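Have a look at the structure first, then try each task before reading its solution.

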Amino acid sequence: YREGKYLAAICAGPTILAAMGITDGKQATSYPGTEAQMGDACYRNDAAVVVDGKVITSRSPGTAMVFALKLAEVLCDGEAVRQVKEGMVLC
């Protein structure tokens, strides 16, 4: 993260980012019930995936596919993501 690379965490993983101060002042989400462990993050419970700069967080195992596609969208070109969605029969 200090080198300007993307950092992503899902489920309770974002609480580790919060403990390290990485999500301070950033919009983030995590597994329901871990909000108190998110420190000074601008906590969001209205989205499956939250992107704030180079920090990407997601809520739970149930949001894993949306999270994976968001990572692909951020890291790959749009055509690659379109092909993945098409191959998985996703809209």
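**Exercise 1.** Count the salt bridges in this model.

Solution. Start with the rule: a salt bridge is a side-chain nitrogen of Lys or Arg within 4 Å of a carboxyl oxygen of Asp or Glu. Apply that rule and you get five salt bridges. This is a predicted model, where local features need pLDDT of at least 70 and side-chain atom pairs count only at pLDDT 80 or more, while totals for chains, interfaces and linings use all residues. Residues are numbered from 1 along each chain as its sequence is written, and side-chain values use heavy atoms, leaving out hydrogens and water.

**Exercise 2.** Find the salt-bridge partner of Lys5, then say how exposed each side of the pair is.

Solution. Lys5 pairs with Glu3, and their closest N and O atoms are 3.4 Å apart. Next, sort by relative accessible area: buried is under 20%, exposed is over 50%, and partly exposed is in between (1.4 Å probe, protein chains only). Lys5 comes out exposed at 52%, and Glu3 is exposed too, at 66%.

**Exercise 3.** Which residues are linked in a network of salt bridges?

Solution. Look for Glu79, Arg82 and Glu86: salt bridges link them in a network.
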